[in-house]
Amino acid sequence: MSTPLLQVRDLHKFYGDRLGCGDVNFDLYPGEVLGIVGESGSGKSTLLNCLAGHLAPERGQVLFDTRDQGLVDTLTMSEPRRRLLARTDWAFVHQHARDGLRMNVSAGGNVGERLMAVGDRHYGNIRAQAIDWLDRVEITADRVDDRPSAFSGGMQQRLQIARNLVTGPRLVFMDEPTGGLDVSVQARLLDLLRGLVREMGLSAIIVTHDLAVVRLLADRLMVMKSGHVVESGLTDQVLDDPQHAYTQLLVSSVLQV
Ligand code: ADP
Ligand code: MG
């Protein structure tokens with residue numbers, strides 16, 4: 001088996017006295033999609049934000065297999081180094097597209113900006129790649145100069161995905177990527193995401209309270225409750241034969257999430 005892309009050890013994050021997430025341990029292998037499920041307030045976003053370097057946990061290690069130095073703890077690395085990794089190796093898809101887009105910059109600019117951030121300086125090349133990526137997320141080239149504020153929620157989310165994937169990240173974090181959308185729009189976005197994940201062989205961590213999302217996208221699942229991982233395993237195994245009482249409740253939709 002290959003080296004894990006990410007190894008998380010004994011991670012704890014508190015908000016004052018309140019536990020955000022605790023005792024989290026897992027490995028993520030290249031090309032693997034990990035789903036994190038659990039009811040609202042179970043610690044999913046806290047964990048994801050700790051992994052992505054947006055929050056500083058009190059305890060633990062987040063070891064990432066960097067291209068140049070192998071496994072490095074992203075929690076203790078310098079801030080400039082972490083910011084560089086965030087631009088080159090990681091992507092973060094927010095639930096609300098406005099948190100992940102620049103709303104006053106054109107669609108093409110939103111995608112092109114990420115390319116410039118990793119050193120691309122050739123205008124024609126940037127524009128061509130932007131248009132290619134808009135096409136891949138089913139936004140036609142005639143919208144390239146429109147601002148995201150003129151887009152529907154589903155289009156904004158597809159644009160956010162294009163902006164994130166254009167630089168070929170090695171690890172994609174997603175927090176409720178379909179959460180704010182109408183059901184019909186969700187299905188189309190999920191289809192698109194599934195295609196891209198497979199085609200690009202992406203490693204991803206997807207937080208959601210929606211079991212249909214992980215059923216479609218995730219190879220493995222972690223189930224969280226009150227900040228702790230209560231069950232983990234292959235997605236189909238966990239959903240078809242849940243062992244923990246809480247997972248059984250989740251699967252039977254008894255829990256209002
Ligand atoms: P989820 O994403 O699963 O809904 P969160 O990670 O947002 O859960 O929250 C986990 C726990 O941490 C909850 O008890 C929540 O109230 C608490 N929490 C989250 N963010 C903050 C914050 N900024 N300040 C204080 N407590 C927080
Ligand atoms: Mg959340």
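Reader: What volume does the second largest pocket have?
Author: This is a predicted model, where local features need pLDDT of at least 70, side-chain atom pairs count only at pLDDT 80 or more, and totals for chains, interfaces and linings use all residues. Residues are numbered from 1 along each chain as written, chains are lettered from A and ligands numbered from 1 in written order, and side-chain values use heavy atoms, without hydrogens and water. On a 1 Å grid over the protein atoms alone, a pocket is an open set of points where a 1.4 Å probe fits, with protein on both sides within 12 Å along at least five of seven lines. Taking volume as the space filled by probe spheres set on the points, the second largest pocket has about 160 Å³.

Reader: Which helix gives the most to the lining of the second largest pocket?
Author: Lining residues have an atom within 4 Å of a point, and here they include Gly 112, Met 116 and Ala 130. Helices are DSSP runs (H or I, at least four residues), numbered from the N terminus. With five residues, the most comes from helix 4.

Reader: How do helix 4 and helix 5 lie to each other?
Author: Their axes, lines fitted to C-alpha atoms over the stretch in contact (heavy atoms within 4.5 Å), come within 9 Å and cross at roughly 120°. Angles under 35 degrees count as roughly parallel, over 145 as roughly antiparallel, 65 to 115 as roughly perpendicular and the rest as oblique. Helix 4 and helix 5 are therefore oblique.

Reader: And how much space lies in the largest pocket?
Author: Helix 2 gives the largest share of its lining, five residues. The space in the largest pocket is about 430 Å³.

Terms used
Axes are lines fitted to C-alpha atoms, for helices over the stretch in contact, and angles run from 0 to 180 degrees between N-to-C directions. Helices (H or I, at least four residues) and strands (E, at least two) are DSSP runs, numbered from the N terminus.
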